[in-house]
Amino acid sequence: MDLPTFDPATADLDDIGFMCGLEIHRQLDTGKLHSRQPSILWDYPLEEIPMNWPRVERRLIAASGDAGIVDISARFEGQRNRTFRYIVPPNAGLIELDESPPDPLDEEAIDVASLIASMLNAKPVSTLRTMRKTVIDGSNTSGFQRTTLLATDGFLLVDGIHVRIDSLLLEEDSARHPPGHRPEGALAVYTLDRLGIPLIEIATAPDIRSPEHARSVASEIGAILVDTRRVRRGLGTIRQDLNVSIACGDRVEIKGCQDLDQIPHIIENEMLRQFGMFAYANELRHRHEMDSLPPSRHDDNSSSRSLNHDELMNVIPLDIVDVVEAWSNSNHEIIQRARESDHAFLGVKLPGFAGLLAKKGDSVAGRPAPRLGKELAGAARLAGVNGMIQSDELPGYGMDASGLEILKSIMNAGPEDACCIVLAEEWQARLALEAIISRARQAFFRLPREVRAVEPDLSTRPMRPLPTGARMYPETDLPDIKMDQDRWKRIRLNIPLRSSERAKNLIELHGISEDQAQQLVRRQIEEVFLQGVEGKSSDFPSLPAKAWATMLLDATRAEIAEGVGVTEDEIPWSLLALSLHAREEGLVTRDGMASIAQELWVTPSFHSMSFDERLKIFSERAQDAGFAPADDGALKAVVQEVVEEMHALILERGMGAMGPLMGAVMGRLGGAADGRTVSESLRNAIADAISQ
């Protein structure tokens, strides 16, 4: 089947009923939300996690929520029959293990979240009431995530478009898999270091007008979060979820959008997938003599949908067949491994699906083509298997044409039918095939509302059904908190400056370049810059603004840290201030600053000295190491000597001879040469030589 022409990059978004909203999650830079443990992450691969960290295994069972209904996503996870192994790091304890009641909401986290709400023009709720949100994929030991509505009805203006903020929630982050670990089969491993770190969740209304606008909105919200200076930074601290639909499809939530620049591509690929699944649905309906779906979901007739679904129980039956005989002559690696593992070879027939499952590598408008086979394989993977073999890619996997005929014969499949085969332990293969049949029946309708994950090619794969309100119920271990108006007013009076305003102030007040100002603000070290320029601390003398900005942004701190067993972040800014002051006072050359500072950093007595004592020993060490600047007389003599020796080159190149002469002067002065001083003196000497 060839899909009708559709290019999401050029489609009229109003005509196709495009809708999009964002959910942005960002970790707050405070302690954990309910346990008073520090928010620390250890990035050990699974095999390197210390053996003395305790391990605990659990099973989770779906339970009904406050309305007496089991949420559909929780019920689905429960069917996967998995065991969860939890690794307990030093910043996790009884609360993270769900063996002790939670502590009340962290007050600092409430303040930071309220500050963000205020910057987004949102209105606070009068009472903070913590709820439990059912989650049984193993990422929460309790089987639920605690979440608290903080504010509603906010807005921001992005690209001239008013974007509503529906809600802001304060919630605890989940446990995570160790780096590089991917759950397989019936066991999933989690570490509890991230569990309980406070998250702010910001949900927009579906006011986003285009894929590019979605990136702009995410960027603006991210900038507001950073401007609070109270959120955590680095990979994994922020997650963007996309809610996307077009009229012929339905809403899906896409998780795992880390890179802002990828957001437009992910949205456009999802639009193409939804259009493709709609086309597949109508092709299947045509083959089975059913009425076509209308172009918009808003025109669906619910009674005919129900009737057709009943028919599908007979049209697409769950009839699982043992097909091992069809691969009796195959020596393919995958088939061999399955035999060695004593796996079952089970399959199901999909009547009328022949030619619709498509093959890997197909594309539409340069994008990953919607593949019905990928949708079915994604459903199978949720049961823990690696995937499936489907008849549209056979012969293959060591099977020749005669083997394919045997397979079709075993499964009683005609030329218009497709077959799906799973190789796994029998119970798991059966669960996977049930998921495939369920997804195949769903293919006759609009795509299901579900949660999907981003793939490396920026397409998506199914994760679980879209959750419902049935997953929420009150947290009985925590009291309500009244949101005091005075507290809210105090927060609103202390809204921080935006980054653009901070950079503008640095340029206007201290004369540094725009690039320097922006970098200082982006790295969040402008307060360190101001401390040095203003010289209001005993550890920070008054320093020249441009030179101090340059030092803060160059690699001096990394040079000092290199080779002494500490990270760059452990080198105090005051040591850089001392080094620059020594240079400005003519006590050390530029080349000697880092090495002398490093030598002093590893001297224990240095850390208890006063600033004047440190400056004195800095000068002495520079003298001993030959890094004290040459006096003016010695410098001028060497410069004059080099100018005379290389006079012919000066006449030939003029100021172009600066480089070779600079190297010669620096070589003769050695560590006593200060590049800036040498350059100034040499430039004057060359100018004099040219003018004579």
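Is Ser-39 buried or exposed? Ser-39 is buried, at a relative accessible area of 10% (buried means under 20%, exposed over 50% and partly exposed in between, with a 1.4 Å probe and protein chains only). The model is predicted, so local features need pLDDT of at least 70 and side-chain atom pairs count only at pLDDT 80 or more, while totals for chains, interfaces and linings use all residues. Residues are numbered from 1 along each chain as its sequence is written, and side-chain values use heavy atoms, without hydrogens and water.

**View 1. Surroundings of Ser-39.** Ser-39 belongs to the loop between β1 (19-27) and β2 (55-58) (strands are DSSP runs of E, at least two residues, and helices runs of H or I, at least four, numbered from the N terminus). A polar atom of the Ser-39 side chain lies 2.7 Å from the backbone oxygen of Thr-30. Beyond four places in sequence, the contacts of Ser-39 (heavy atoms within 4.5 Å) include Asn-91, Ile-197 and Arg-232.

**View 2. Surroundings of Ala-117.** Ala-117 sits in helix α2 (residues 107-119). Its relative accessibility is 0%, so Ala-117 counts as buried. Among the residues that Ala-117 touches, beyond four places in sequence, are Leu-150, Leu-168 and Trp-488.

**View 3. An open sheet of four strands.** The strand order is β13-β14-β18-β17, with antiparallel pairing (two strands pair if DSSP finds at least two bridges between them). β13 (321-322) and β17 (389-390) are at the edges with a single partner strand each, so one side of each has no neighbour in the sheet. Val-321 has Gly-347 in β14 as its bridge partner.

Notes: A polar contact is a pair of N or O atoms within 3.5 Å; within protein, one must be able to donate a hydrogen and the other to accept it, and residues adjacent in sequence count only if both atoms are side-chain atoms.
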